[in-house]
Amino acid sequence: IDLGVEAGYAVRSAAPEPGFVAGLDVGFGLGDAWALRLDAAYAFHPDTLHRVRGAAELLYVIDILQVIPYAGLGVGALVSIPGADARADLELHAVLGLDVLVDRSVVLGIALRPLLVPTWLEADPFHLAVTARAGLLFDR
């Protein structure tokens with residue numbers, strides 16, 4: 001079991017300036033090389049757009065002593081709140097990350113998540129989150 005927090009930049013294809021994203025996640029090992037991660041995040045963009053995302057990710061993890069690269073695919077819901085209106089959409093994403101074991105139970109890392117919102121292909125379909133991550137390992 002892995003519990004983590006992350007924070008960083010959120011970029012949208014339709015916005016000239018990046019926003020801020022923060023999130024929480026919990027991961028479960030599915031064997032030696034696979035993991036399931038449940039992720040929840042909040043993003044704020046300068047044009048007063050708020051976004052909340054909940055997702056599940058299937059990760060392929062290469063556990064090499066202290067350096068842990070991983071890659072995977074995820075699917076989730078993206079709730080957009082522009083002003084008083086709210087809208088929920090399906091989002092698909094990839095994740096590429098690198099964690100480093102600080103000790104047997106603490107990891108620090110970075111993650112890159114390009115997201116696609118298929119229902120917004122004409123307006124704002126592409127998003128990118130680049131985050132720094134800190135996590136606690138409870139079972140390794």
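Student: Which side chain meets Asp39 in a salt bridge?

Tutor: Keep in mind that we are reading a predicted model. A salt bridge is called when a side-chain nitrogen of Lys or Arg comes within 4 Å of a carboxyl oxygen of Asp or Glu. Here the partner of Asp39 is Arg53, at 2.5 Å from N to O. This pair links distant parts of the chain, with Asp39 in strand β3 and Arg53 in strand β4, 14 residues apart.

Student: Are Asp39 and Arg53 buried or exposed?

Tutor: Both Asp39 and Arg53 are buried. They also belong to a network of salt bridges, in which Glu6, Glu57, Glu91 and Arg113 are linked with them.

Student: How many salt bridges does a search of the whole structure find?

Tutor: The search finds eleven. One of them joins the side chains of Asp25 and Arg133, at 2.9 Å from N to O. That pair, too, links distant parts of the chain: Asp25 sits in strand β2 (residues 19–29) and Arg133 in strand β8 (residues 126–137), 108 residues apart. Asp25 and Arg133 are both buried.

Student: Let us turn to Arg37. Which side chain does Arg37 meet in a salt bridge?

Tutor: Arg37 meets the side chain of Asp2, with 3.9 Å between N and O. Asp2 belongs to strand β1 (residues 2–12) and Arg37 to strand β3, so their pairing ties together parts 35 residues apart in sequence.

Student: Why does Arg37 count as buried?

Tutor: Buried means under 20% relative accessible area. Arg37 counts as buried because its relative accessibility is 5%. Leaving aside neighbours within four places in sequence, its contacts include Asp25, Glu57, Tyr70, Arg113 and Arg133.

Student: Where does Arg37 lie relative to the ring of Tyr70?

Tutor: Arg37 lies over the face of Tyr70, 4.9 Å from the ring centre. The side chains of Arg37 and Tyr70 also make a polar contact, at 3.5 Å.

Student: How many aromatic pairs does the structure hold?

Tutor: There is one aromatic pair. To read such a pair, look at the angle between the ring planes: over 60 degrees counts as edge-to-face. Trp34 and Tyr60 form an edge-to-face pair, with 65 degrees between the planes and 5.1 Å centre to centre. Trp34 in strand β3 and Tyr60 in strand β4 (residues 49–61) are 26 residues apart.

Student: What is the relative accessible area of Trp34?

Tutor: For Trp34 the value is 42%, which means partly exposed. Tyr60, at 41%, also counts as partly exposed.

Technical notes
Residues are numbered from 1 along each chain as its sequence is written. This is a predicted model: local features need pLDDT of at least 70, side-chain atom pairs count only at pLDDT 80 or more; totals for chains, interfaces and linings use all residues. Side-chain values use heavy atoms; hydrogens and water are left out. Buried means under 20% relative accessible area, exposed over 50%, partly exposed in between (1.4 Å probe, protein chains only). A polar contact is a pair of N or O atoms within 3.5 Å; within protein, one must be able to donate a hydrogen and the other to accept it, and residues adjacent in sequence count only if both atoms are side-chain atoms. Contact means heavy atoms within 4.5 Å. Rings of Phe, Tyr and Trp (its six-membered ring) pair if their centres lie within 6.5 Å; planes under 30 degrees apart count as stacked, over 60 as edge-to-face and the rest as tilted. Helices (H or I, at least four residues) and strands (E, at least two) are DSSP runs, numbered from the N terminus. A charge sits over a ring if NZ of Lys or CZ of Arg is within 6 Å of the ring centre and within 35 degrees of the ring normal.
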